[in-house]
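Please keep the model open while reading.

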Amino acid sequence: MPRGESPRRSGRHGIALILAVLFIGTVLFRVFATGGAAVVQPIAFNHLKHTRDLQLTCEFCHEYVRDGAHAGLPGAETCSVCHRVPQGTSEEAARVTELLSDGDPLRFNKLFRLRDDVYFTHRRHVALGGLECQSCHGDIAEMERPPTRPIIIPSKRSDRMGFCLDCHREVGESLDCNACHR
Ligand code: HEC
Ligand code: HEC
Ligand code: HEC
Ligand code: HEC
Ligand code: HEC
């Protein structure tokens with residue numbers, strides 16, 4: 001104990017230190033154990049309203065999902081088709097129109113990203129394989145608020161390969177390392 005410091009004060013420092021360690025530990029645990037920080041979006045988008053009520057197809061907003069590697073996310077241009085003028089009565093819909101009139105690009109964020117050296121295409125799985133979006137993305141299209149983490153594909157990187165391999169094994173598709181690691 002440094003000279004002049006009372007035992008009581010250093011006791012408090014001790015408690016503060018323990019709390020700080022616990023706090024940092026909790027943050028690190030969330031980031032590493034769940035595979036990343038929560039994903040935040042510029043707008044609380046409501047899939048259900050657009051897919052069920054308005055009957056928009058997935059391709060309307062995820063343009064390349066049948067013929068590309070990446071499905072693509074929509075931005076200001078797509079939302080402007082309707083929201084250039086006010087739609088509905090909710091505050092969040094009003095905010096979309098306001099952001100668009102300010103020239104905001106409405107950049108949405110992906111929930112997860114495969115490593116660049118892993119080969120995956122939507123074309124192969126959706127157009128050729130005929131798989132439903134749900135088999136890899138769960139019921140995101142029926143959600144009323146954006147999820148902050150992927151629903152089915154594991155957030156945790158070390159669990160991801162197992163997700164791909166489980167299905168490939170089940171349907172008799174490639175387990176060859178070079179098919180995915182090119
Ligand atoms: C084809 C037209 C159309 C397109 C394209 C469209 N919307 Fe909408 N959106 C609507 C309509 C109509 C409503 C109001 C529905 C209601 O209130 O029942 C709405 C409602 C909303 C709401 C409010 C939802 C709620 O919970 O009340 C948000 C947020 C929203 N849209 C965001 C977006 C974003 C972001 C995009 C672009 C990615 C987009 N919309 C593209 C027509 C569209
Ligand atoms: C009107 C536009 C619109 C339509 C139609 C739409 N989406 Fe989306 N989608 C979005 C937006 C905006 C986001 C990002 C915000 C969010 O997650 O809600 C998104 C995100 C997603 C993601 C998350 C991707 C990731 O980062 O992991 C999936 C999966 C998805 N949509 C699937 C679907 C499916 C399946 C359909 C059709 C049944 C569909 N969407 C229809 C606008 C749309
Ligand atoms: C729900 C089942 C399922 C999941 C999950 C899945 N796949 Fe596939 N995969 C398939 C099917 C089915 C095909 C064959 C499609 C066709 O051409 O008919 C395929 C084909 C492929 C091919 C082409 C293989 C070859 O012979 O060249 C690659 C590469 C691939 N998948 C990568 C992945 C990766 C990476 C993941 C995980 C991120 C993944 N897959 C997850 C079902 C799945
Ligand atoms: C076999 C699994 C699988 C199926 C089926 C599948 N996806 Fe995906 N999806 C993925 C993977 C893996 C990623 C991440 C790709 C990356 O980061 O390179 C992804 C990413 C996305 C994204 C984020 C933007 C992007 O392009 O990366 C959207 C949106 C999306 N998918 C929509 C859809 C829709 C809509 C369908 C159905 C028409 C669908 N997906 C079917 C596995 C799948
Ligand atoms: C069907 C696709 C697929 C096949 C087949 C496959 N992998 Fe993977 N592998 C992946 C995906 C997806 C990841 C996770 C990528 C990420 O971090 O986003 C991965 C990750 C890895 C990693 C990093 C592990 C980690 O914990 O980060 C290694 C090492 C690896 N794979 C080796 C192999 C070897 C060796 C084989 C053959 C025995 C193989 N893979 C076959 C898709 C595949």
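In what follows, Ala, Val, Leu, Ile, Met, Phe, Trp, Tyr, Cys and Pro count as nonpolar, Asp, Glu, Lys and Arg as charged, and the others, Gly among them, as polar. This is a predicted model, in which local features need pLDDT of at least 70 and side-chain atom pairs count only at pLDDT 80 or more, while totals for chains, interfaces and linings use all residues. Residues are numbered from 1 along each chain as its sequence is written, and chains are lettered from A and ligands numbered from 1 in the order in which they are written.

The shell around ligand 5 divides into 9 nonpolar, 4 polar and 4 charged residues. A residue belongs near a molecule if its C-beta atom, placed from the backbone, lies within 6 Å of it. Of these 17 residues, S158, M161, C164, C177 and C180 come nearest to ligand 5. Helix α8 gives the most, with 7 residues; helices here are DSSP runs (H or I, at least four residues), numbered from the N terminus.

Ligand 3 has 19 residues around it, and L128, G129, C164, C167 and S174 come nearest. Two or more residues each come from α6 (122–128), α7 (134–137), α8 (157–171) and α9 (177–180). The largest share, 5 residues, is from α8. By class, the shell around ligand 3 holds 12 nonpolar, 5 polar and 2 charged residues.

Elsewhere, A76, C79, S80 and H83 in α4 meet V96, T97 and L100 in α5, contact meaning C-beta atoms, placed from the backbone, within 7 Å. The residues of this contact are 4 nonpolar, 3 polar and no charged.

Definitions and conventions: Two residues are in contact if their C-beta atoms, placed from the backbone, lie within 7 Å.
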